[in-house]
Structure formats: C-alpha cells, structure tokens
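Thanks for coming. I will go through one model today, starting with charged pairs, then the sheet, then an aromatic contact and a surface patch.

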Amino acid sequence: MLPGDLDSETAALLRMVVLPQIEAASSWGDLVIRLREKGFGLGFRAGRMILNRLDSGAEICTGRSLGAPLRGLAARLGRPALRLSRDGQSAQLQG
C-alpha cells in the first residue's frame, strides 16, 4: 500500500522544504544528498517514488504528492538505476 494523501498544511510545509531540493538536483545522486541533508530519503514501490524519513524509515508521500512525479524527474535526471528488493515490489537507488 502506498502512503496516503497528506493534509494541506503538511503538504505545504513539505513542498517548502523538499521541492526546492528536488528542483535544484542535477542528478539522482545529487538529489539523494540534498534530501539526506534535510532528513529525508527516497524509495521506489509499485512504479512510484516515495519520500521517507531517514530517522524512522516512515514513508511520507509519493513524489506526485509533492508536485514532483517520478516521470518528470526521470525526464530531467534520466532513468534512475534501481536495485530491486527481495519483495519484488520495492527498490532503492543503486549507488
């Protein structure tokens, strides 16, 4: 199951913190570094990019919820190199 929709206040706060990092990233590796500095990480599941908290691993939302869908990022940064997890449904960036 993918993370649910965010309430409008949480979504706005996340967009203020996370979206500038996503928009400024020049590569997938750069994006990971930028998000890590803010306490976030990326995962992928069921063809969606998932933002998660580094401290707990809790999944927060999809990239689409932030206004940064995977399709748009892949068009700008290139297709992400992913390492599929054992469950066959989730993946992490290689690297």
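Let me start with Asp30 and Arg34, whose side chains meet in a salt bridge at 3.1 Å, N to O. By salt bridge I mean a side-chain nitrogen of Lys or Arg within 4 Å of a carboxyl oxygen of Asp or Glu. Both Asp30 and Arg34 lie in helix H2, four residues apart, which is about one turn of the helix. Helices here are DSSP runs of H or I with at least four residues, strands are runs of E with at least two, and both are numbered from the N terminus.

Before going on, a word on the source: this is a predicted model, where local features need pLDDT of at least 70 and side-chain atom pairs count only at pLDDT 80 or more, while totals for chains, interfaces and linings use all residues. Residues are numbered from 1 along each chain as its sequence is written, and side-chain values use heavy atoms, with hydrogens and water left out.

Back to the pair. Is Asp30 buried or exposed? Asp30 has a relative accessible area of 18%, so it counts as buried. Arg34, at 24%, counts as partly exposed. The cut-offs are under 20% relative accessible area for buried, over 50% for exposed, and partly exposed in between, with a 1.4 Å probe and protein chains only.

How many salt bridges does a search of the whole structure find? It finds three. Another one joins the side chains of Glu59 and Arg45, at 2.3 Å, N to O. Glu59 lies in strand S3 and Arg45 in strand S1, so this pair ties together parts that are 14 residues apart in sequence. Arg45 is buried, with a relative accessible area of 15%, whereas Glu59 is partly exposed at 40%. Arg45 also has a spatial relation to Thr62: the two are 17 residues apart in sequence and 9.5 Å apart in space, C-alpha to C-alpha.

There is also a salt bridge between the side chains of Asp55 and Arg53, at 2.5 Å, N to O. Asp55 counts as exposed, with 60% relative accessibility, and Arg53 as partly exposed, with 38%.

What is the order of its strands? The order is S3-S2-S1-S5-S4, in an open sheet of five strands with antiparallel pairing. Two strands are taken to pair if DSSP finds at least two bridges between them. The edge strands are S3, residues 59-62, and S4, each of which pairs on one side only. Direction ignored, neighbouring strands of this sheet are turned by 35° against each other on average. For that angle, axes are lines fitted to C-alpha atoms, for helices over the stretch in contact, and angles run from 0 to 180 degrees between N-to-C directions.

Strand S5 covers residues 90-93, and two bridges join S1 to S5, running antiparallel. Across that pairing, Phe44 stands opposite Ala91 in S5. On the S4 side, three bridges join S4, residues 82-84, to S5, again antiparallel. There the bridge partner of Leu84 is Ala91, and that of Arg83 is Gln92. The hairpin of S4 and S5 has five residues between the strands, and Gly88 in this hairpin takes a positive phi near 75°.

Next, aromatics. Rings of Phe, Tyr and Trp (its six-membered ring) pair if their centres lie within 6.5 Å; planes under 30 degrees apart count as stacked, over 60 as edge-to-face and the rest as tilted. By this rule there is one aromatic pair. Trp28 and Phe44 form it, edge-to-face, at 6.1 Å centre to centre with 70° between the planes. Trp28 lies in helix H2, residues 28-37, and Phe44 in strand S1, residues 40-45, so the pair ties together parts that are 16 residues apart in sequence. Trp28 is buried at 9% relative accessibility, and Phe44 is buried at 6%.

Last, the surface. Leu13, Met16 and Val17 make a nonpolar patch of about 300 Å². Patches are made of residues with over 30% relative accessible area and no salt bridge, joining like charges within 9 Å and nonpolar side chains (Val, Leu, Ile, Met, Phe, Trp, Tyr) within 5 Å. The areas come from the Shrake-Rupley method with a 1.4 Å probe, and for residues only the protein chains shown count as cover. Leu13 sits in helix H1, residues 8-24, and counts as exposed at 53% relative accessibility.
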